[in-house]
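Colleague: I am new to this one and would like to learn how to read it. Could you take me through a few features?

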Amino acid sequence: MSTASRLPKTVQQWTSKLPTEVNAAVRRLAMLSLIGQTILVVTGGAVRLTASGLGCPTWPRCTSDSLVNTPEMGIHGFIEFGNRLLTFALAAVAALMLVYLWNLRKQRRDLFLLALGLLASIPAQAVIGGITVLSNLNPWVVGLHFLVSMALVVFATLLVNRAYGRTGHFMNRTLPALPAVTRPVMMAVAVFSALSVMLGVVVTGAGPHAGDADAPRNDLDWDLFSHIHAIPAYLITAGTLFAVVLVVRRRISGPFRTAAYLLLGVTLLQAAIGFTQYYNGIPALLVGAHMLGAALLMSAATNAADVAKHSPVG
């Protein structure tokens, strides 16, 4: 019998060993994806804040003669190549997630499509990263690179919620009823969070941390756009406080209470970092913390809006 004729049976035997329900391995991979996407934001920030944006001066190779960084490139080459390497690790996690979900690709189409979206977006992110290097760290391309990372954090958060049965059509519990106003308020907070991140990209493109001494800036008024960036942040805070007041006054329990308190904590922390860096000359360490805070904010806002969307109204 030929190899071709044996292949379907071989594949069938192999896939029969894969999960037929969402198990602990699938959940761990979903959480690993979210953690990895968040770390990618931090390492990307480290690249820019340590002026390592051109640590690997070309793409897809690190140098014209080497796929990896060389000792002669020093710490900047190590930081830049490490960030590139993490992208491949995340692609491996997303691919492994698809493998584990193969037998569930029809039953749990929600998980399969989210994992597929993460895998498909990672090569696109790598290409944008390459354009970033080839364009000498054009601030608008750098900003797009960051925004794609934020979108991947959102997808990974939804993947975690679905994998753990917190939201979606396969929830493993009935969520407590929420006031009707909760859903639109949380959706607004999520939208304002995205808007705040977008404006933050504009502020960053006008600021001093370009990723390389010779990298261009967007030539916009940094101080003006810092104040514009703060407007959606105030709206996020107001919406989050409104949600927490509802939780306390209505004695709401369950996932939404946790989501609201988590969002409040992240919002206040991000606000504190933002104000501190603004009034202290934008130190690199605080800028990096603010970037991490942006990823946590997008995840927390997505989680709160997702839980509110799938909670009954009462």
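Colleague: What volume does the largest cavity have?

Modeller: The largest cavity has a volume of about 30 Å³. On a 1 Å grid over the protein atoms alone, a cavity is a set of points where a 1.4 Å probe fits but cannot get out. Points are joined across faces, edges and corners, and the volume is the space filled by probe spheres set on them. One cavity of 30 Å³ or more is counted by this rule. Please keep in mind that this is a predicted model, where local features need pLDDT of at least 70 and side-chain atom pairs count only at pLDDT 80 or more, while totals for chains, interfaces and linings use all residues. Residues are numbered from 1 along each chain as its sequence is written, and side-chain values use heavy atoms, with hydrogens and water left out.

Colleague: Which residues line the largest cavity?

Modeller: Lining residues have an atom within 4 Å of a point. Here they are Leu29, Ala30, Ser33, Val93, Ala94, Met97, Ala115, Leu118 and Leu159. Two or more of them come from each of α2 (24–49), α3 (74–100) and α4 (109–134); helices are DSSP runs (H or I, at least four residues), numbered from the N terminus. By class, eight are nonpolar, one is polar and none is charged. Ala, Val, Leu, Ile, Met, Phe, Trp, Tyr, Cys and Pro count as nonpolar, Asp, Glu, Lys and Arg as charged, and the others, Gly among them, as polar.

Colleague: How do α2 and α3 cross?

Modeller: Axes are lines fitted to C-alpha atoms, for helices over the stretch in contact, and angles run from 0 to 180 degrees between N-to-C directions. The axes of α2 and α3 come within 9 Å and cross at roughly 165 degrees. That makes the two helices roughly antiparallel (an angle over 145 degrees). Their contact holds 16 nonpolar, seven polar and one charged residues.

Colleague: What about α4: what span should its 26 residues have?

Modeller: The expected span is 1.5 Å times one less than the number of residues. For α4 this gives 38 Å, and its end C-alpha atoms are 38 Å apart, which agrees. Just after α4, Asn136 has a positive phi of about 60 degrees.

Colleague: Which way does α5 run relative to α4?

Modeller: The axes of α4 and α5 (residues 139–163) come within 10 Å and cross at roughly 165 degrees. α4 is therefore roughly antiparallel to α5. By class, this contact has 16 nonpolar, six polar and two charged residues.

Technical notes:
On a 1 Å grid over the protein atoms alone, a cavity is a set of points where a 1.4 Å probe fits but cannot get out, and a pocket is an open set with protein on both sides within 12 Å along at least five of seven lines; lining residues have an atom within 4 Å of a point. Angles under 35 degrees count as roughly parallel, over 145 as roughly antiparallel, 65 to 115 as roughly perpendicular and the rest as oblique.
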